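Colleague: I am new to this structure and would like to learn how to read it. Could you take me through it feature by feature?

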Amino acid sequence: MIFKNKTLRKVVLASSVMATSVLSGMSAHADESPIKIGVMLPYSGVYAGLGEAATNGLKQALKEKGNTIAGRPVEFIISDTEAKPARAPELTSAMTDKDDADFIIGPVHSGVAMGMIKSVRNKDSIMIIPNAGANAATGAFCQPNVFRTSFSSWQTAYPMGNQAIEMGYKKVVTLSWNYGFGKESLAAFSESFEAAGGEVVKEIFVPFPKTEFQSYLTEIASIKPDAVFVFFAGGGSVKFVKDYDAMGLKSKIPLIGSGFLTEGTIEAQGEAADGLFTTLHYADTLDNPKNKAFRAEYLSLYNKPADLYAVQGYDAGQLIIQAVEATKGNTADKKALIKAMEGIEIDSPRGSFHFSKAHNPIQNIYLRKVENGENVVVKTAAANLNDPARGCRL
Amino acid sequence: MEMSLFLVQLLNGIQYGLLLFLVASGLTLVFGVMGILNLAHGSMYMIGAYLVYYFAAMTDSFWLAVVIACSIAMVIGVIIERFLIVHLYKRDHLDQVLLTVGLIFIFNAAQSFIWGNDPLGVDVPELLSSSIQITDIVEYPVYRLFLSVLCVGIAIGMYYVINNTKLGMMIRAGESNREMVENLGVNIGTLFTVVFAVGVTLSALAGIVSAPVVSLVPGMGERVLISCFVVVVIGGMGSIKGAFVAALLVGIVDTFASVLLPGMSSMTIYLLMALILIFKPQGLFKS
């Protein structure tokens, strides 16, 4: 707003001062003002399904508490990021400055995460990332007011290196799309695989988002490695796994990967996915009471099965609940709130976890095998795995 | 590179190129005859793939689903031409772009609304689901070979129709001088409807037969559209023969580049396009 008339400007200023003092007066007495939760997730575009699942999970957690924490109601401010990094700073600033959000949940996409992290720097809002796995979010760009309830790319791929050695593979070809998540996953796999004595004979990066894989598969066949480690997610996973099988490679050169290879894609992959080993911090079939209860409730609320993204959103909700309860409803003192969050143990459907110094979950990573169209947990590949948080000074 | 693997890569390239031709042929046909730049061409590819997914699940028969999906695509083509495109023949390309970009948004929203945003897959039909052993390790999926044969068949069919039938004669005439054809008493309206419907059906057919070897995701149409334009521009806007040669060229170059020049494979086909346009600004075969 631009006010050309000086008198008008004064009136507006005066009334906003009054409004502010009335508001602060209210919160000082009976703290029944709403806790503002900004939600910045994609509701359109390729990641819309993930944004919806995370939102469902978040709302489920708060619903369990009757949408009130420590006597204060919860208010959601929803905004569609469209998974477009360019829009992130503007949308985030609106949340922090205009809406005065206490918490901001988001995003799904790592590029958006980087934009958001820059914009919440030195602001009062606390950002909770329910998916985006870029290592830097809790590494080089870590912030006191940024937490993550999902994973770092490193965590989901690093344990597979040791598993590959245990399975007897010595020479491996790695392959992924040439983008951040893929590159970080391949690097983490190679880090543990080569430290344990394995050799990555070739690293292949496919231009994103190309899905014509025939030439790469032919090249893999010519190299004849012991196994192939890949990172793909979504549509790329479906296509790669089907092509790998159709070229007759699956029975000759085992395919292993980060868990996103078979997450939300198995139905489309069909039999081609049978027998694949992957590592991830969750599996739908994880056998613990919390997971069963969570999944049953999710199904009854939303009429579809919960997935990984729903779990991560749900845990973001649990984190808010426990933190605000710990401060007895006080969200004004952000330092105290952050301190409370740092000490919280989350009873997650994935198994309980707490936060590292860099605010990333210290969590179990499971080895999973696809059997009859499900990711079945074989064992814990790495217990309480802590991301190295390279470059973080928290 | 071993000889056998070289041949497999060549096969990969030809097979990819033939599929590109199937999509691009419709685009170039519509542009050549009608002068219409249909940016929603890729959307029809996507709609074809989703329709075959839907009807294959409903009827339990891939082949029946192909027939139904093709028929629906043709009807969509007729509707778009009769009710929307028909108003644009006298206007410039920018208006056509506005309309067809609008159609992209509509088709994408419809896809998201009807089928959701999760990746979907279509099973390869039972009859063609086996693989042929071609080297000690590599098997080649029969379905992919079938696709190549189908594309060659369609290319030959198009060649025959265009060169040996009355319809083909009108198409050729339309390509070279539209006003003259109209003045000679050809019912240009009907011709345009037929050509447009055939054009979008070819695109949908490409999506339909590719469905078992791709994954169905939102935005798949736009990705195809870009490769498609590269093919049409290299081949010469409006030339079917050009599209055929260019599609094979793009398919083979892209396949070998991804193995031999991994660092720059994403730009090789654009470099190829730039290079060809330097020497042949109108494309290889300007009609």
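Predicted model: local features only at pLDDT ≥ 70, side-chain atom pairs only at ≥ 80, totals over all residues.

Colleague: Let's start with domains. Into which domains is chain A divided?

Modeller: A domain can be built from separate stretches of a chain, and here domain 1 takes residues 33-151 + 287-359 of chain A, while domain 2 takes 154-280 + 367-385. The centres of domain 1 and domain 2 of chain A, taken over C-alpha atoms, are 29 Å apart. Seven residues from domain 1 and eight residues from domain 2 of chain A take part in the contact between them.

Colleague: What does the UniProt record say about chain A?

Modeller: An unreviewed UniProt entry annotates residues 34-373 of chain A as "domain: Leucine-binding protein". That span of chain A is 40% helix and 21% strand, with 43 Å between its end C-alpha atoms.

Colleague: Let's move to chain B. What does the record mark there as "transmembrane region"?

Modeller: The unreviewed UniProt entry gives that label to several spans of chain B, including 6-29 and 184-212. Residues 6-29 of chain B are 100% helix and 0% strand, and their end C-alpha atoms lie 33 Å apart. For residues 184-212 of chain B the values are 79% helix and 0% strand, with 45 Å between the end C-alpha atoms.

Colleague: How do I read the sides of a helix? Which residues of α6 in chain B are buried?

Modeller: Check which way the residues point. In α6 (residues 166-176) of chain B, the buried ones are B:Met170, B:Ile171, B:Gly174 and B:Glu175. They lie on the same side of α6(B) because they cover an arc of only 140 degrees around the axis. B:Lys166 and B:Ser176, on the other side of α6(B), are exposed. The buried residues of α6(B) pack against α1, α5 (142-164), α7 (178-183) and α8 (188-210) of chain B.

Colleague: Which residues touch the most other members of the largest nonpolar core?

Modeller: This core has 205 residues, and among those touching the most other members are A:Val228, B:Ala24 and B:Val231. Helix α1 (residues 3-34) of chain B gives the most to the core, with 15 residues. Leaving aside neighbours within four places in sequence, B:Val231 is in contact with residues including B:Leu20, B:Ala24 and B:Ala247.

Colleague: Finally, how many residues of chain A are in contact with chain B?

Modeller: There are 31 residues of chain A in contact with 32 residues of chain B. On the chain A side, the largest share, seven residues, comes from α7(A).

Note on methods:
Residues numbered from 1 in each chain as written. Chains lettered and ligands numbered in written order. UniProt positions renumbered as here; feature names shortened; annotations may be inferred. Helix = DSSP H or I, 4+ residues; strand = E, 2+ residues; numbered from the N terminus. Core = buried A, V, L, I, M, F, W, Y, C linked by C-beta atoms within 7 Å. Buried ≥ 20, exposed ≤ 12 C-beta atoms within 10 Å, placed from the backbone. Contact = placed C-beta atoms within 7 Å. Arc of directions from axis to C-beta. Domains from an automatic or database assignment.
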